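Here is a short report for a first look at this chain. Keep the structure open beside the text.

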Amino acid sequence: MQYHLDGYTYGDPAIAAPAPGHTDQQGPLPDQVDVLIVGTGPAGAVLAAQLSHFPEIITRVVERRQSALQRGHADGVACRTVEMFNAFGLASRLLDEAYWVNETTFWAPSAQNGTEIERTDTIQDVADGLSEFPHVIVNQARMQELLFDHAARSPSRLQVDYGYHYLSQTTDRDQDYPVEVTLAETDEDNRPTGTTRTLRARYVVGCDGARSAVRESIGRALQGDAQNHAWGVLDVLVDTDFPDIRKKSVIRSEQGSIIIIPREGGHLVRFYVDLGTVDPADSEFRTRTQVDDVIAVANRIMTPFTVSVAHVAWWSVYEVGQRLADGFDDVDGRSDDAPRIFIAGDACHTHSAKAGQGMNVSMQDTFNLGWKLAAVLQGRAPGSLLHTYSQERQVTAAELIDYDTRWSKMVGSRSADTTSDDAVSASDVQRQFVEGGTFTAGFATEYQPSLLTGSSEHQHLAPGYPVGKRFHSAPVIRVEDARPLQLGHTHDADGRFRIYLFADRNGLAPDSAARNWCERFDTDPVSALNQFTPADAERDAVFDVRAIVQQKHLEVDPTSFPELLRPRKGPFQVVDHEKVFSAEVTNGFLLGSIPGLSATEDIYSLRGIDRDAGAVVVVRPDQYVAQVLPLDDYATLDAYFSGFLLEQA
């Protein structure tokens, strides 16, 4: 974290000073906003946290409830989501509170007595090398609270406007604020009253759940099928003789299936309990099923073990189904106009909770969208950039639906079902769990070549950074203060592109390839830096360039670095000393507060960087690799940014 740029300030550096025109007391809803976020679920919370970084963009969040969510709903936090939270400076708090899923146990009918279950295997939950962060469990309500606290501490002091239900909208694209939204005030039971008000917005983002009113207002629909299979979900305090109650467990018996998820805090446990097939004509099933019914089913499935529930914190019954919206904005595939209304999260994809991806993919939706909205509203990119949101995220959601369909059918099949052609064995379930590890950790997303994603022509220079996939962090040492850290942790959620300059063996020596790259990027009038950085902005306001050298940190002279890597910033024009890193190995050194991150190979070896040629790795603001290029390919780099950024001269 960098601060004191404008001089010494007292207090918590995580609480930014309010921007001009913003105070700690957010006023009533204005008549005009740049972005209206509808709903405070995971997608809305991430979008609010990201846009709160830009106080010049007037963002407001409306929620039909009278207060914040406090319990229930999703809880699985994928490794990729922890990486994303780190970009908001929230990972350490998240990990301190969370339950860490270290092992997953598998249970199946006993070979000696098929009416009882036995443990068949215990496996490591996340494969080595996938991420520096673990898979953790934290209640959705707490995740959202962390994000909205971040927004409230931001320069914009963004807070939620509770008690407003989205009713409808009309759009007139000839207006500066083309979307007129009608909201209804809600009562203490969260039901709309007869009091309404309107406001105008440049953009609206519907994060209002599976029954999204925003989705309905733009004529989009969820398409897919229900599996007619019900599950009960319980957050409970229990007394049990089941030995793996504090480990994630996948149980399949002749009576059905259970997934056990220990919760944060050391005591609470979540049970997903298979309630079996539901007659599609039985509309009363959910209301007829009581919590004691779910507990009784759990005990039958877990024989010979028993579960005595001492306290129920939250419970629900839901039916499995997978549905995907036919578009994620108001124009996709139907117009060349730039979209003005978007949907995200459950508003555009619904599925079971078995793969633990609902909250995670929803957050990734708006992490993709937020920086694009900021770039357009700041005048740095044309509105056409916003077409890429639906193009990219609809593909990812379809992959999620496909995976969830396979996994939920497998885990929901009974071990007694061994005669059908599609019978699933205990080993099948475990094998699918292992094979799907990359997906459930959040790393399966791969954006295809497009306006924002380059080709793989030069992938051989850095095979560990696949173009289109998330930037995989690795340990380095910051040269000027000798601090070991993860390179990816320099990537904040601030809308900037990161350009990681991996030097060849000559490092930053005079006339080296990396130094020539820096001089050219800094001084050439047609470089992306000089075309697309506003004249009154800091030099790294759009492109944050970081260099990695192969020399040990004591073997390089910081005072000889090119100006691009020691930019002067702020009103006092002080030097930024945090742009250059050594690939030096730090055996046995624990990086930060996360144990087990001592490096045995340097970043060049871990990610396959060509030591002789070096490489330029361009990373989008949402942490996905956009380009891998040679150190002397200036034209492709400039052309890439020219494809979607506006000249700022």
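## Histidine 150

Histidine 150 sits in helix α4, residues 140-153. Helices here are DSSP runs of H or I with at least four residues, strands are runs of E with at least two, and both are numbered from the N terminus. At 24% relative accessibility, histidine 150 counts as partly exposed. Buried means under 20% relative accessible area, exposed means over 50%, and partly exposed lies in between (1.4 Å probe, protein chains only).

Which residues does histidine 150 contact, leaving aside its neighbours within four places in sequence? They are Ala49, Ser52, Phe88 and Leu90. Contact means heavy atoms within 4.5 Å. Histidine 150 and alanine 16 are 134 residues apart in sequence, and their C-alpha atoms are 9.8 Å apart in space.

## Basis of the model

This is a predicted model, in which local features need pLDDT of at least 70, side-chain atom pairs count only at pLDDT 80 or more, and totals for chains, interfaces and linings use all residues. Residues are numbered from 1 along each chain as its sequence is written, and side-chain values use heavy atoms, with hydrogens and water left out.

## The whole chain

The chain has 15 helices and 27 strands. Its radius of gyration is 26 Å, close to the 26 Å that the globule rule gives for 649 residues, so the chain is as compact as a globular protein of that length. That radius is taken over C-alpha atoms, and the rule is 2.2 Å times the number of residues to the power 0.38. Along the principal axes, the C-alpha atoms fill a box of roughly 75 × 60 × 50 Å.

Of the 649 residues, 56% are buried. Among contacts with a separation of 6 or more, 73% join residues 24 or more positions apart. The accessible surface comes to about 26,400 Å², and carbon and sulfur atoms hold 47% of it. Such areas come from the Shrake-Rupley method with a 1.4 Å probe; for residues, only the protein chains shown count as cover.

## Helix α15

Helix α15 spans residues 634-642, and its buried residues are Leu637, Asp638, Tyr640 and Phe641. Seen down the axis of α15, these residues fall within an arc of 155°, so they line one face of the helix. The arc is that of the directions from the helix axis to the C-beta atoms.

What covers this face? The cover of the buried residues includes strands β21 (497-502), β22 (543-549), β26 (615-619) and β27 (625-629). Helices α12 (513-523) and α13 (528-532) also take part.

Asparagine 190 has a positive phi of about 65° although it is not a glycine. It lies in the loop between β10 (179-186) and β11 (192-206). At 23% relative accessibility, asparagine 190 counts as partly exposed.

Alanine 482, also not a glycine, has a positive phi of about 60°. Its loop runs between β19 (475-478) and β20 (483-486). Alanine 482 counts as partly exposed at 36% relative accessibility. The peptide bond from threonine 303 to proline 304 is cis, with omega near 15°. Proline 304 is in the loop between α7 (291-301) and β16 (307-325).

## Valine 312

Valine 312 lies in strand β16. It counts as partly exposed, at 30% relative accessibility. Beyond its neighbours within four places in sequence, valine 312 contacts Asp235, Val236 and Val291. Valine 312 and asparagine 86 are 226 residues apart along the chain, with 32 Å between their C-alpha atoms.
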